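Colleague: I'm new to this one, could you show me the structure and walk me through a few spots?
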Amino acid sequence: MTRVAAGARLHFGFQNLSLARERLYGGVGVALDEPRVVIEADPAEGVHCADATVAEHARTAVDLLDVPGIDLTVVERLPRHVGLGSGTQLAMATLAAVAAAHDRDPGLRERAPALGRGGRSGVGVAAAEVGGFVVDGGHPTELFTAAPPADGAWTVPPVTARHELPTDWRFVVAVPDTDPGRSGEAEDESMRTVVERADPGIADEIAGVLLRRVLPAAAEGDRATFGAGVAKLGRLNGAWYADEQGGVYRPPAGRIVDELSGHPAVTGTGQSSWGPAVYALTDAELAAEARTAARDALDAVGVDGRIVVSAPANRGLRID
């Protein structure tokens, strides 16, 4: 039996959403150890899996890899549409499980588009492939069209920077029990609207934050500067999304961020992707205190939810 585990990812935002600049999108994010999706696989004739989404991915993977079939069991799964990359991690874990069960190279980056992944941001694919803190190069702006391309009709954006983060860093993630973030056609429509209206000046400010604060801090292991930098990057992204999500952060993420931001145990608080997941950066010594602060923030806002404390994942998905 083959066992594949793929951790969640945080998405801090994009480098550019304006059609006035040469490259569009350009994701920035980090791979996490937890929470994760875990899939067990055995070779088979045909595709057997009780999970309909995984079965669909498996049928595509079986065709791509030209193997007879697979028997899959989903042991753990990520919460869907909360900002933790559940769709991409599930697809990449399924592809890797099918490949490993048949002793094949999964070719995650090459085959991700056929599974409908990696078309806008390359962070999720890079998280599964190599882990760590990653920045992708986005796409040439002239290739942008109002309609999303068909599955397979793109290449995953290249990784332009990657750093392993200190193993004693911890990301505290609060996932409130609220409506899920946008996905599918709703997300495509929102992104189209944002891109068509985006202020290019914000992209220029993000470039400075990324180049002069975030990347040097990641290279040097400077937690305070890194946290403040990714939080700033997220707030700038939120200015692009404000009309679509009801503010710089989507409610109630903004109130949770406010509650957490001033706590001495954390730094770099923000919203991951469309939310509602909120993250804060801390370290192993302060992790218990930070977890309590995140729970208190949810209580102050009046919502229940899940709290996860995770180390960064400095490697890609695990195959046993």
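Colleague: Which residues is E40 in contact with, leaving aside its neighbours within four places in sequence?
Modeller: With contact taken as heavy atoms within 4.5 Å, E40 touches M1, T2, R3, D71, L72, T73 and V75. This is a predicted model, where local features need pLDDT of at least 70, side-chain atom pairs count only at pLDDT 80 or more, and totals for chains, interfaces and linings use all residues. Residues are numbered from 1 along each chain as its sequence is written, and side-chain values use heavy atoms, with hydrogens and water left out.
Colleague: And is E40 buried or exposed?
Modeller: E40 is buried, because its relative accessible area is 19% and buried means under 20% (exposed is over 50%, partly exposed in between, with a 1.4 Å probe and protein chains only).
Colleague: New topic, how many aromatic pairs are there?
Modeller: The structure holds six, counting rings of Phe, Tyr and Trp (its six-membered ring) whose centres lie within 6.5 Å, with planes under 30 degrees apart called stacked, over 60 edge-to-face and the rest tilted. One of them is the edge-to-face pair of F133 and F226, at 5.1 Å centre to centre with 85° between the planes.
Colleague: Where do F133 and F226 sit in the chain?
Modeller: F133 is in strand 5 (residues 133–136) and F226 in helix 7 (residues 223–245), 93 residues apart, so the pair links distant parts of the chain; here strands are DSSP runs (E, at least two residues) and helices are DSSP runs (H or I, at least four), numbered from the N terminus. Both F133 and F226 are buried.
Colleague: Which residues do ring pairs link into a cluster?
Modeller: The cluster consists of F12, F133, W169, F226 and Y279.
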